[in-house]
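This note is intended for a colleague meeting the structure for the first time. Please read the numbered points with the sequence and the model in view.

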Amino acid sequence: MKRKFYQKAQILKACLLLSVFGIALDVSKIRANANNNLSGNLTVEINGFRNRKGQACVSLFASSQGFPNNRKNVVQRQCNKITAVPLTVNFRNLKAGNYAVAIIHDTNGDGTLNRNDIGMPIEGYGFSRNPEIRTAAPKFNDAAVLIAGPNTNVQVQLLYLD
């Protein structure tokens, strides 16, 4: 009699553990799906235009791969006429995570940052978080902003070398 009771208790205990474990798995799946479904908007406000000629091209990167100038690695890109200063550009429905923005003041409308004979930019440029620029473009982490809520705003001040 004791043996049957003990066996039933073990079976009940195992069923209880399996059901709790199953519920825990379902909760973790729900949390994972919720994190994957989090999205937000990024608003980029661009200041410091030398003039309103051409367009502002804003490239959004989600990793260091290709940042800041390889278009193959751009998550989204927008080129807009400069109608007002500051110029505001919006990126919508971005998955939660780190992003970096690279901007050029494309005065001649060719979609690229033009350079002089020694490789120095002759058009304006800027990056999210306005990192200090010395001899090369900043690293992704120096320009990265975290998108973790519904709306994130960044201000970028353009730089000109000439």
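1. On composition of the lining. The model under review is a predicted one.

2. The volume of the largest pocket is about 550 Å³. Its lining comprises 26 residues, and those closest to the centre are Pro-68, Asn-69, Leu-113, Arg-115 and Phe-127.

3. On the strands around the pocket. At least two lining residues come from each of β2 (55-61), β3 (74-81), β5 (97-106) and β6 (124-127). The largest contribution to this lining is that of β5, which supplies three residues.

4. On the secondary structure. The chain contains two helices and eight strands. Their order along the sequence is α-β-β-β-β-β-β-α-β-β, a pattern that the reader may wish to trace on the model.

5. On contacts along the chain. Among contacts with a separation of 6 or more, 70% are made by residues 24 or more positions apart.

6. On burial and surface. The chain has 162 residues, of which 31% are buried.

Notes
Residues are numbered from 1 along each chain as its sequence is written. This is a predicted model: local features need pLDDT of at least 70, side-chain atom pairs count only at pLDDT 80 or more; totals for chains, interfaces and linings use all residues. Side-chain values use heavy atoms; hydrogens and water are left out. Helices (H or I, at least four residues) and strands (E, at least two) are DSSP runs, numbered from the N terminus. Buried means under 20% relative accessible area, exposed over 50%, partly exposed in between (1.4 Å probe, protein chains only). Contact means heavy atoms within 4.5 Å. On a 1 Å grid over the protein atoms alone, a cavity is a set of points where a 1.4 Å probe fits but cannot get out, and a pocket is an open set with protein on both sides within 12 Å along at least five of seven lines; lining residues have an atom within 4 Å of a point. Grid points are joined across faces, edges and corners, and a volume is the space filled by probe spheres set on the points.
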